[in-house]
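Q: Can we go through this model feature by feature? Please give the general idea each time, then the case at hand.

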Amino acid sequence: RSLADYESEYGSRAVDNDATYDWLDGFFGEGGRKAFIGNYDTAYADGLALFGPDLGPGQLVIADVAASDAVYTAMLVHAKANNRVCVFDVGNADSLSTMNALGDGLTADVDNDYGFIAGQWLMIPPPRGVTGGSARQIPASAAVCGLIARADALGNPNRAAAGRDFPLQYATGFVTTFTDAEIDTALGHGVNLFAEKYGVLQLEGFQTAIDQSQDTPFWQANCSRARMWLAAK
């Protein structure tokens, strides 16, 4: 429930845990309230196996593995079996074409209504208490999961945790900045990017890789999350 909780189990920020530490710092900084962490040695499938259905609904993230169709597919299988929703990351400083290709690959997954892609990576302040520390770079999922927690606290799981209603409050900028046209193009591939609008840093989309259609509401990630909530109830 806090960085202090994490440190009591895993120790202070160090080379062997800096990625997880920084992810959690971004998550709590953007409004996150509770995170479950699973350790594994080599295969992320071993980590997924730790998160049984008894932990309840929530967002699923693999924060320290390179983005790929295989990773996305494994996460979707887990999410569908355990009533969760995936927040997929892209690679740090990925180009627009690389991210769009990841979105196109996700489109082919039969269970792609159980997750959505968040990108680009974000900048957050130096670690607290470190003199002369430098800004850190974290995957977008950390901030997105924090935004979701803020949206859920308002009592409506079917509300998109994006746009001006949910501005970033801890992140200071983006590793890569994209134009409005590029953001629209990415959204067409199922990739939800961040932008600065009138001085406000915000997530510009909340969509899965499903094409917009009247036949299903699940091109909207908030509808997928509402389904998760209903199933849990």
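Q: Does Lys80 count as buried, partly exposed or exposed, and how do I read its relative accessibility?
A: Buried means under 20% relative accessible area, exposed means over 50%, and partly exposed lies in between (1.4 Å probe, protein chains only). Lys80 counts as partly exposed because its relative accessibility is 47%.

Q: Before going on, what kind of model is this, and how is it numbered?
A: This is a predicted model, where local features need pLDDT of at least 70 and side-chain atom pairs count only at pLDDT 80 or more, while totals for chains, interfaces and linings use all residues. Residues are numbered from 1 along each chain as its sequence is written, and side-chain values use heavy atoms, with hydrogens and water left out.

Q: Which side chain meets Lys80 in a salt bridge?
A: Side chains of opposite charge can pair when their charged atoms come close. The cut-off: a side-chain nitrogen of Lys or Arg within 4 Å of a carboxyl oxygen of Asp or Glu. Here the partner is Asp111, at 3.1 Å from N to O. The pair links distant parts of the chain, 31 residues apart. Lys80 sits in helix 4 (residues 69–82), and Asp111 in the loop between helix 5 (96–107) and strand 3 (115–118). Asp111 is buried, with a relative accessible area of 16%.

Q: How are the helices and strands assigned, and how many does the chain have?
A: They are DSSP runs, numbered from the N terminus: helices are H or I with at least four residues, strands are E with at least two. The chain has eight helices and nine strands.

Q: How many salt bridges does the structure hold?
A: It holds 10 salt bridges. Among them is Arg13 with Asp22, where the closest N and O atoms are 2.7 Å apart. Arg13 is partly exposed at 35% relative accessible area, whereas Asp22 is buried at 6%. Another joins Arg159 and Asp165, at 3.2 Å from N to O. Arg159 counts as partly exposed at 32%, and Asp165 as exposed at 55%.

Q: What should I look for in the backbone angles?
A: Most residues other than glycine have a negative phi, and most peptide bonds are trans. Ala93 has a positive phi, near 65 degrees. Its place is in the loop between strand 2 (85–89) and helix 5, and Ala93 is partly exposed at 48%. Tyr198 has a positive phi too, about 55 degrees. Tyr198 lies in the loop between strand 8 (194–197) and strand 9 (200–203) and counts as exposed at 80% relative accessibility.

Q: Where is the cis peptide bond that has omega of about -10 degrees?
A: It joins Gly119 and Gln120. Gln120 is in the loop between strand 3 and strand 4 (122–124).

Q: Which residues are in contact with Gly32, leaving aside its neighbours within four places in sequence?
A: Contact means heavy atoms within 4.5 Å. By that test, Gly32 is in contact with Phe27, Gly146 and Ala149. Gly32 is placed in the loop between helix 2 (18–29) and helix 3 (44–48), and counts as buried at 11%. Its C-alpha atom is separated by 7.2 Å from that of Arg150, 118 residues apart along the chain.
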